[in-house]
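Q: I am new to this structure. Please take me through one part closely, then its wider setting.

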Amino acid sequence: MPLRSCSSSLPVLPVRSLRPALLAGGLLALVGAWSPSQAAVPAVDDAGARSLAATLKSGLARWFPPPTEDNEGVGFQWEGEPTVKPSGDHYEVALPSLSAEDAEGTLFDIGTILLTVTPKDEGLYGVSVTLPSALKVQNLDENDEYTDAATIGIGKQAITGTWSGAMETMLTLDAALGDLSVTAADGKGKVAVSTLTMVQDLKPEPGSAGNTLWSGPAAFALGNLSVLDEKNREMLKIGGIAAEGGYNRIDLTKIIALQRLSEQAAAKGTVPTSGELLPMMKGLFGGLTGKMSLTNLAAVSPEDGTKVTLGRFAFQMGLLDLDQALSNASFGMEASGFAMTPSPIPADFSPRKLEMKLSLAKVPNAALWSTFTDLAKAVEAEEEAPPPKKGAKPNAKAAKAPPAPPPAELAMQRAMAAMSEAGTEMRLDLLTIDTPATAGTATGALAVAAPAAFGVTGGATVLLRGIDAAVKAMQPKPGAKPDPNADPNAQSLMAGLAMLQALGQAGKDDSGADVRSYKFEVTEAGQFMLNGADMTPLLGGGAEAAPVEQPPAEPPKKTKK
C-alpha cells in the first residue's frame, strides 16, 4: 500500500516516534543501570552474566514500557528474556525480540538487538549496539488489521559509547550509520540517507567537587538526503545537514535526580509538581551552545513544477553563564544561494543573502528564576482552585474594594524592575539583506527601563542602498501608456519602494553611493521617533478616544398652571 500522505505527492513516512539512533541510546542507558561500584575492572564471569541478565530483564520494561491504557505515546513489547554470555573481556548480549506501536496504530517490528558490554575501571563500561538491518513497519487498515506499509533499511552501522555507572549517563557516543532508507511496501515512495553520524564527549569540569559538573561537545551530521514521491520522482534533495552543540558545567547529579523523580511519578500515575521540579532544575547547567547548517537544498513541486534551491542555511544559539549572577543569550541565522523558479518577485529584488544576529545581555538570573517559579505556582493554584459555588452571592465589601493584581502580573513587575536595575538589553547586533538591486543593514538595541511607558527605551538605525536607483528604473518612461499586462507584484513593489524612499533621509556612503537612512527611537515617554519626527499619531497613538456613553436625559417635569 502507498505511504500515507498529506497530499497526493508528498509521502508521510510512518516512522514518527522511533529512530534507530535514539533506540540505541536508550539501550546504552539500560546497560548502565547494571553498575557494580568498584574502581578496579570487574571480572567477566558467569556470575556477572547472571547479574547483567537480571538487570536487563527488570530494566527493559522500565526504560521501554508496554502500551498504556489510554494508548498515548509509544508502547514496547518484548518477547522472551535476554541472554548474556561471558566472552573474554566482555559480555555478548542478545535482547528479546522487540516491537513497538504508537498511538495511531503504526507497528514497528524491530526484532533482536545485540549488545557488547565491556567493563572498565572507575565504574565505566564500553557498550556497542547492533540493530537489525531491516525493520518492518505496518499500519492498521479500515478493518483493524495490520498491513505492510514500509521497510526501514540500515545498510551500515557502528554504534559505540562509554557509560558512567556513577553518573548514569553516556559520557561518549560514536554512532555511524550508512545507506539508510525508508521504502514504501509497494515501492511507491522512498526516503534515502547516505550517512548519519552522532558523537558526544563529556569531560569533568576542572575543580568541580566530586566531578558532578561536566562539559563537552555533541554533534550530528546527515549526508545526501533524497525523497521520492509516489511516482518515484525526486522532489527533495539535501546535500547535508549538520548540527553541533556544547554543554557547559552540566550537573549530572541533578539529571539523575530528575530522572528518578520522573520514574517515581510515572509509577504512581502522577505528574511532578512545580515545587518538586523547579528546585532540581535550578543550576542544572551553566550554558548551552548550538549550531545547525543545511547545504545544497533542491526541491521541486510535482504539481506545478516550481523549483526552489538554497545553497546554505544556518542558525546558531547560545545560553551562557546561567549559573552566574548575569547571563547572556544569542541567536543568529544566515542564508545564501536562494533561487525560486518561477519567482514571485522580480529577480532583481530576490534575496541573495540574509544574515541576522540577535542577543540578550545582562539578564539577572536569580530574579528571572524567581519569576518563573512564581508564574508556575500561580498557574498550578489557578488550576487547583475550586469553581465558584452556584447561586453564591458576591461579597459586598469585596466588590467595593479594588481587585488585587494577579500573582502573574506582580511577578512580571518584579522581573521588569530587576532587569531595569541590571541594565538588561535586547540587541540587534546585525541585520543584512542583499539583492541584485538593493542592500540593507540594521543595528540597534533596546534597554529595559521600568519607568518607561513601554518598559523599554532605545532604537535602531537602518541603512538602505539602491532604493533611489531602483525606483527610477521601475518608473514608466515619459509618454508611455499603461501596460494592462503589467505584473501586479512589481507595481506593489514599486509603491513600497517609493514609500521607503520618501520616509528615508537621503545621504551618501563612504563610496559615494546613494543611501537612505532611518533612525528609529522609542522614548521613555512612549513616543516612536523616525529621523527626529514623532510618528506616534500615525501608529495609532493619536487616535481619538471612544465617545463616552451618556445616560438618557430625564423627561421635563410638568409645571402647574
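Which residue takes a positive phi just after α3?

A: G269 does, with a phi of about 75° just after α3. This is a predicted model, where local features need pLDDT of at least 70, side-chain atom pairs count only at pLDDT 80 or more, and totals for chains, interfaces and linings use all residues. Residues are numbered from 1 along each chain as its sequence is written, and side-chain values use heavy atoms, with hydrogens and water left out.

Start with α3 itself. Helices are DSSP runs of H or I with at least four residues, strands are E runs of at least two, and both are numbered from the N terminus. Helix α3 covers residues 252-268, which is 17 residues. The expected span of a helix is 1.5 Å times one less than its number of residues.

Now look at its buried side. Buried means under 20% relative accessible area, exposed over 50%, and partly exposed in between, with a 1.4 Å probe and protein chains only. In α3 the buried residues are L252, I256, L258, L261 and A265. An α-helix has 3.6 residues a turn, so residues three or four places apart point the same way. Contact here means heavy atoms within 4.5 Å.

Next, compare another helix. Helix α2 spans residues 46-63 and has 18 residues. From first C-alpha to last it reaches 25 Å, close to the 26 Å expected. A kink of about 25° is centred on K57. The bend at a residue is the angle between axes fitted to the seven residues ending there and the seven starting there. Among the buried residues of α2 are L52, L56 and L60.

Finally, go to a loop. T306 sits between β15 (287-300) and β16 (307-320). Its relative accessibility is 15%, so T306 counts as buried. The T306 side chain makes a polar contact with the side chain of D304, at 2.9 Å. A polar contact is a pair of N or O atoms within 3.5 Å; within protein, one must be able to donate a hydrogen and the other to accept it, and residues adjacent in sequence count only if both atoms are side-chain atoms. Leaving aside neighbours within four places in sequence, T306 is in contact with A299, V300, S301, M340, T341 and P342.
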